[in-house]
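I opened this entry to keep track of what I looked up, in the order I looked it up. Notes follow the display.

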Amino acid sequence: MAKIDQQLFNTREHALEREYEVCPKCGAELHIRHSKHGSFLGCSNYPSCDYNRPLVQHEAIESQPLPGSVCPECGAELAVKSGRFGIFIGCTRYPECKHIEKHDQQPTQPAVTCPQCHHGKLESRTSRFGKTFYACSDYPNCKYLVNYPPRAETCPECGFAILVERRGAGGVRLECPQKNCSFKKLL
C-alpha cells in the first residue's frame with residue numbers, strides 16, 4: 001500500500017469529471033454533474049446559468065414498417081416501434097387499433113386457469129420496474145395476480161385451485177398463495 005500515490009485520491013477535480021465544451025448560454029465551461037436521475041452535463045456557472053443537457057444523447061427510434069406483415073385485428077401493416085418498456089411490434093394505425101405482438105416465448109408450463117374468475121388464464125407479465133408477475137388474461141374484469149410462477153395443483157390443506165413455486169435457500173418449494181393457509185412442500 002505504500003507504493004500507491006495518495007495524491008491521486010486527493011485531487012480536487014478528477015480527469016473524467018471535466019468536459020471541454022462551452023456553455024451555449026454564457027460561454028463558461030461545461031462539467032459532468034451527478035443527480036439521483038443520473039449524470040448530465042451542466043454549466044460551471046450554475047446558480048447564475050442553468051444550462052444542462054443529457055450526458056448521452058439517445059437516438060429516437062422512429063416507427064419502421066415491416067413489409068408483408070398484417071395486423072390480425074384491423075388488417076393494417078405492423079411496424080417496429082419504441083416505447084416506455086423498449087422496442088416492440090405494433091399496429092401502424094395505433095390510436096384506432098391497439099394491437100401489440102407478444103414475444104415468441106414458449107410457456108414452460110401449461111396454462112393455469114385463474115382461481116378467481118375460472119375462465120381466464122394466468123399469464124406472465126412484466127411490471128414497470130422489470131419484475132415478472134402472473135395476472136389473469138381477463139384483466140379489466142378480473143384483477144387476480146400472483147408474484148410467483150403458478151402451478152395447476154390444488155392445495156391439500158385449504159383446497160385453493162393453484163399453488164405457487166418459490167425458490168429459496170432451501171431449494172424450490174410449492175406454497176399456497178392464500179394468506180390464511182400455511183401449506184409448504186419441498187420439491
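**Notebook: ring contacts, cores, annotation**

I began with side chains over rings and found Lys98 over the face of Tyr94, 5.8 Å from the ring centre. I then searched the whole structure for aromatic pairs and got zero. I note here that the model is predicted.

Next I looked up the overall make-up. I count one helix and 15 strands in the protein. Of its 187 residues, 25% are buried. The accessible surface comes to about 14500 Å², with 51% of it belonging to carbon and sulfur atoms. I also checked contacts between residues at least 6 apart in sequence: 16% of these join residues at least 24 apart.

Which residues have the most contacts inside the largest nonpolar core? I list Cys114, Tyr144, Cys155, Ile162 and Cys176, in a core of 18 residues. Two or more residues of this core come from each of strand 10 (132-136) and strand 13 (163-168). Apart from this core I found another, of six residues, including Cys23, Leu30, Cys43 and Tyr51.

I then took Cys176 by itself. Leaving out residues up to four places away in sequence, Cys176 touches Cys155, Cys158, Phe160, Leu163, Cys181 and Phe183.

Last, I read the UniProt record. Its unreviewed entry annotates "domain: DNA topoisomerase type IA zn finger" over residues 21-56, 70-105, 112-149 and 153-172. I checked two of those ranges. Residues 112-149 are 0% helix and 39% strand, with the end C-alpha atoms 10 Å apart. For residues 153-172 I have 0% helix and 40% strand, and 15 Å between the end C-alpha atoms.

Methods
Residues numbered from 1 in each chain as written. Predicted model: local features only at pLDDT ≥ 70, side-chain atom pairs only at ≥ 80, totals over all residues. Heavy atoms only, no water. Core = buried A, V, L, I, M, F, W, Y, C linked by side-chain atoms within 4.5 Å. Buried < 20%, exposed > 50% of the residue type's maximum accessible area, 1.4 Å probe, protein only. Helix = DSSP H or I, 4+ residues; strand = E, 2+ residues; numbered from the N terminus. Contact = heavy atoms within 4.5 Å. UniProt positions renumbered as here; feature names shortened; annotations may be inferred. Phe/Tyr/Trp six-rings, centres within 6.5 Å; stacked < 30°, edge-to-face > 60°. Lys NZ or Arg CZ within 6 Å of the ring centre and 35° of its normal. Areas by Shrake-Rupley, 256 points an atom, 1.4 Å probe, with all protein chains shown as cover.
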